[in-house]
Amino acid sequence: MSVTENIDETPSGLLLHGIMSSIAEFYSRNLATEVVKGMNQKAKNGGTIGLAPIGYCNVRRIVNGREERAVEVDEERAPLIRWAFEQYATGEWTLRGLLAELTARGLTTRPGPNRPSRPVTLSRFNNLLRSVYYIGQISYRGAVYEGRHQALIDRATFEEVQRVLESHNAITGLKQRTHNHYLKGTVFCGECHSRLSLMYVTNRYGTRYPYFFCLGKQSGRTQCSQPVIRIDRVEEKVEEEYRKVQMAPEFAGTVRSFVQAAIEQQRAEAEAVAQKQLLRRERLQNEREKLLQAHYAEAIPIQLLKKEQGRIQRELDEVERLLAASQLEVEKIEENLARTLKLLSDCRRAYREADSKTKRLFNQAFFDWIRIDEDYTTEAQLAEPFRTLKGQELAKVMASAGATGPKTAVYHRARLRPAADWGLETANPPLISLGMGFSDVGLVRVRGLEPPRPCGHMALNHACLPISAHPLR
């Protein structure tokens with residue numbers, strides 16, 4: 001902007017050089033700020049930032065003597081984009097397979113003034129399926145706004161596509177390749193703990209047999225000696241894991257009541273913490289106000305003001321952190337808990353009757369991994385929250401709470417049930433109690449051969465054991 005000033009090595013020349021440099025830096029940064037501000041405002045108003053994605057085209061129109069820029073549906077490519085979303089939502093396509101089919105049907109990028117149209121790349125196609133632009137929204141700088149352009153895809157189809165993408169994500173180990181199976185990414189080698197992959201062996205008669213093989217052994221990364229294993233046997237063993245996971249409805253109801261009681265207790269504690277921190281924040285804000293008034297009255301020096309202001313700000317930051325931590329979404333927690341326990345109560349049947357797509361989601365939700373040996377012995381690790389709900393630690397905590405809780409007239413005795421019903425290693429379940437009887441020790445009745453009869457606390461015709469004598473204690 002300025003090239004005629006006399007800038008030399010003199011003090012005045014160096015001063016002028018510094019001033020002009022600062023002005024140039026300010027101009028550049030202010031211009032960038034104004035551009036970003038304008039783009040933010042355009043996004044908030046529903047305008048498209050930059051070129052529209054495949055399926056749309058940018059147009060210019062003259063309205064009342066003024067140029068107006070808009071986005072319209074590309075009639076040539078939009079039907080292919082709609083078809084791509086609808087097909088991928090079925091879960092029956094891989095990204096590469098669907099992209100190859102779209103390319104064969106004529107899907108290409110939109111040509112520009114200086115560039116021809118080209119086939120869509122795999123990475124761009126993946127981003128295309130994740131773009132909210134196709135449901136009529138604008139995503140800019142981490143925020144999402146309603147756009148002025150026409151949506152190509154309905155929200156239900158878009159959300160289903162996102163679920164399929166997540167289930168095929170490489171991070172979860174379920175990314176689909178040439179040979180697909182709903183157990184890929186869930187089953188691991190029992191010897192070296194490497195991932196198992198799928199292969200097909202064809203005999204001389206043309207019959208194909210599917211097997212799982214160890215990737216660690218195949219790549220030479222490990223010294224694994226495990227041979228290939230039959231897929232049908234692996235499927236049976238995984239289904240048996242769901243039998244182990246399944247929880248009796250009675251026990252699920254007891255767990256739900258126990259956890260809900262714990263949630264209510266935490267909510268009460270969180271509300272007490274929040275109330276205390278709100279009073280603390282009000283006190284600190286009053287201190288800040290008095291501190292400023294004292295400084296304006298020249299009662300305290302500037303250094304002391306800065307020191308006290310820093311202390312108050314640090315305490316206010318701590319208050320905000322504690323307030324954020326005390327916010328419990330109780331309704332959402334209870335809703336998720338109910339869904340989880342309902343799923344645990346009937347997971348084996350639901351898994352057995354599900355299609356391959358749903359089974360993949362089941363395995364991804366229930367298990368971190370399932371390891372299988374060559375003799376088809378399985379070892380599995382549950383994913384959260386199922387690991388906590390099925391863990392022995394929760395049963396111990398519940399039994400401990402029942403033994404040391406407050407005295408009430410309500411007392412829930414746990415019946416002796418088979419180990420498979422309770423999901424425990426022993427046939428005797430822990431005592432699950434949300435309250436107490438009239439004693440400081442919780443009691444569980446010992447069943448005999450005779451039919452059960454009413455048993456009061458002081459009855460002498462039935463033997464009762466305290467919790468301390470229970471086998472799990």
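Two strands count as paired if DSSP finds at least two bridges between them. In this predicted model, strands β6 and β7 are joined by seven bridges. The protein as a whole has 15 helices and 12 strands, and its 473 residues include a buried share of 34%.

**The β6–β7 hairpin**
- Strand β6 covers residues 196–202 and strand β7 covers residues 208–214; the two run antiparallel.
- Thr 202 stands opposite Arg 208, a residue of β7.
- Five residues lie between β6 and β7 in this hairpin.
- In the turn, Gly 206 has a positive phi of about 90°.

**Nonpolar cores**
- The largest nonpolar core has 39 residues, and those with the most contacts inside it are Phe 212, Val 234, Val 255 and Phe 366.
- Helix α8 (residues 249–296) gives this core its largest share, six residues.
- Another core, of 34 residues, lies apart from the largest one; Ile 54, Phe 85, Phe 125 and Tyr 140 are among its members.

**Surroundings of Phe 366**
- When neighbours within four places in sequence are left aside, the residues in contact with Phe 366 include Tyr 242, Val 245, Leu 343, Leu 344 and Cys 347.
- Phe 366 is also in contact with Gln 381, Leu 382, Ala 383 and Phe 386.

**Contacts and surface of the whole protein**
- Of the contacts between residues at least 6 apart in sequence, 58% join residues at least 24 apart.
- The protein exposes about 29,000 Å², of which carbon and sulfur atoms supply 52%.

Definitions and conventions. Residues numbered from 1 in each chain as written. Predicted model: local features only at pLDDT ≥ 70, side-chain atom pairs only at ≥ 80, totals over all residues. Heavy atoms only, no water. Helix = DSSP H or I, 4+ residues; strand = E, 2+ residues; numbered from the N terminus. Buried < 20%, exposed > 50% of the residue type's maximum accessible area, 1.4 Å probe, protein only. Contact = heavy atoms within 4.5 Å. Areas by Shrake-Rupley, 256 points an atom, 1.4 Å probe, with all protein chains shown as cover. Core = buried A, V, L, I, M, F, W, Y, C linked by side-chain atoms within 4.5 Å.
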